[in-house]
Amino acid sequence: MARPGLATRLYAGEANINIVGRRKMWFTIATALVLIAIGSFVIRGFELGIEFAGGTSFSVPASVDGKTLTQDEVAKAVDKAVREADPEASTTAVQQVGEGADASFTVRASALSADEVSKAKATLVTDLGVEAKKISDSQVSAAWGGKVTQQAILGLIIFLVLVVAYLIVRFEWRMAVAALASLVLDLVLTAGVYSLVGFEVTPSTVIGFLTILGYSLYDVVVVFDKVQENTRGITAGSTRTYAEATNLAVNQTLMRSLNTGLVALLPVGGLLFIGAGLLGAGTLKDLGLVLFVGMGFGVISSIMFAAPVLSALKDQEPKIKAHNARVLARRANRSDDVARGDQGRPANATDSDVPAMAGSTAPRPGARPANRRSGNRPGGKR
C-alpha cells in the first residue's frame, strides 16, 4: 500500500516533523534575527511620519485647467519649492488621495514657518500653474504623535497584562511566559522590517501593531490547547517525553495554523498589493503592510518558537525532568534487551532459523515433520 503524501499526513497530523526537537536551532535563528533588528534600531532608526516627527503637509490638485499632473511632477515641484523656502528642509514621497476630478496629491515636508509656507506656495503657483487657493497646507505638531505613542504603549501594556493573566488562569505560568516571548518576538521582528526597509511609521502602523498582537495570541492558544490535551497526566506512565508530546501537538495543529494564517493573509495581501499598490490608495499601505508582515511572523513564531520555549521551560520542572529520565531509561533497557537477544546469531541467520520459543519441541510453522524411530513397527524398520 502506497504511503500517503505529505499533504495528507499534514492534515491527519501524522507528518511527524521534528520541530520541538530542533529548538536550539530555532532559538539561534531567533536570536540572530533579534540582534539584526536591534542593530537596525540603533543604526538606522525609524522613518517617522509627519504625525510623529511634525512638519508641513501640502495638498495639490491632480488636474489643472484640463491638464493632468503626475506624481513625479508634483513631487519635483514641491521639493524644489520647499528647498527654496528652506534649504535644510526635505520632503517625503507623494501620496494620491481620491480619484477622478476630486483627486489630489499630498506631499509631506519638514516643519516650515508661515513665511516659508507662503514662499513655497508662491513657487508652486508659478511652476505648476495652480491657483494659490487650490493649494492647501497644514501644520502638524510632533506633540500629537507623542500622545498617540503614549496611548499605544499604555494600551500595549494593558493588553500584555491581561494576556498573561488569562494564560495563567487558562493554562499555567510557563505557557504564559512562552506566549509572551512569542508576542515580543513578533513585535521586534516586525519593527525590524520597518527599520531595515525604511517603511514610514504612521498612526495606522501603530494600530496595525496592536491588531497583530491579538492574531498572534490566537494562534499560540490553539497550539497550547492541544499541548495541554496531549500532556495531561503524562507523568503517570506515558511512553513519550514532554518535548515529544509537545511536538506531536504542534504537528496535529500545524495544518490548522497554516490554513488560518493563509486565510488571514489573503485579504490583507489584497489590501496591500491591490489597494495600495495597483489602485494607489496610499492611506491603506501603512495598515496593510504592518498587518501582512506581523501576521506572517505570528504564524511562524507560534509554531517554531512558542512551543519550543514552552518545552524548554517544562523540561526544567523536577516532575517533568524525572518523567523524561524514566522514559529514556526504559527505551535504553529495551534496546539492550534486543541487542542481547541477537547475540550469538549467525550473520546470515533469519527469523525462520530461530525456534518460536526456546526449549519448545513444537515444530516451526511450515517445517517438515521430523523422522523418528518407532520400536513398534514390524522388523524395527524405519
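User: What are the ground rules for the numbers?

Analyst: This is a predicted model, where local features need pLDDT of at least 70, side-chain atom pairs count only at pLDDT 80 or more, and totals for chains, interfaces and linings use all residues. Residues are numbered from 1 along each chain as its sequence is written, and side-chain values use heavy atoms, with hydrogens and water left out.

User: How many helices and strands are in the chain, and what makes a run count as one?

Analyst: The chain has 11 helices and eight strands.

User: What is the strand order of the open sheet, and what makes two strands a pair?

Analyst: The order is β5-β6-β2-β7, with antiparallel pairing. Two strands pair if DSSP finds at least two bridges between them. β2 (residues 55-61) and β7 have five bridges. Six bridges join β2 to β6. Both pairings therefore meet the cut-off of at least two bridges.

User: Why are β5 and β7 called edge strands?

Analyst: β5 (95-97) and β7 (136-140) each have a single partner strand, so one side of each has no neighbour in the sheet. Neighbouring strands of this sheet are turned by 25 degrees against each other on average, direction ignored.

User: What makes β2 mostly covered?

Analyst: Seven of its seven residues are buried (under 20% relative accessible area; exposed is over 50%, partly exposed in between; 1.4 Å probe, protein chains only). G55, S57, S59 and P61 are buried on one side, and T56, F58 and V60 on the other. Across the chain of 382 residues, 38% count as buried.

User: Which helices lie across β2?

Analyst: Helix α4 (residues 71-85) lies across β2, β5 and β6 (104-109), at about 35 degrees to β6. Helix α5 (residues 114-128) lies across β2 and β7, at about 25 degrees to β2. Angles run from 0 to 180 degrees between N-to-C directions, with axes fitted to C-alpha atoms, for helices over the stretch in contact.

User: How do you know that the span of α7 is close to the expected one?

Analyst: The expected span is 1.5 Å times one less than the number of residues. Helix α7 (residues 173-197) has 25 residues and reaches 36 Å from first C-alpha to last, close to the 36 Å expected. Just after α7, G198 takes a positive phi of about 85 degrees.

User: How do α7 and α8 pack?

Analyst: α7 and helix α8 (residues 203-231) pack at about 145 degrees, with axes 10 Å apart. Residues in contact (heavy atoms within 4.5 Å) include L183 and L187 in α7, and F209 and L213 in α8. The residues of this contact divide into 14 nonpolar, five polar and one charged. Here Ala, Val, Leu, Ile, Met, Phe, Trp, Tyr, Cys and Pro count as nonpolar, Asp, Glu, Lys and Arg as charged, and the others, Gly among them, as polar.

User: Why is K319 called exposed?

Analyst: K319 has a relative accessible area of 52%. That passes the cut-off of over 50%, so K319 counts as exposed. K319 is found in helix α11 (residues 318-342). K319 and T235 are 84 residues apart in sequence and 7.5 Å apart in space, C-alpha to C-alpha.

Technical notes. Helices (H or I, at least four residues) and strands (E, at least two) are DSSP runs, numbered from the N terminus.
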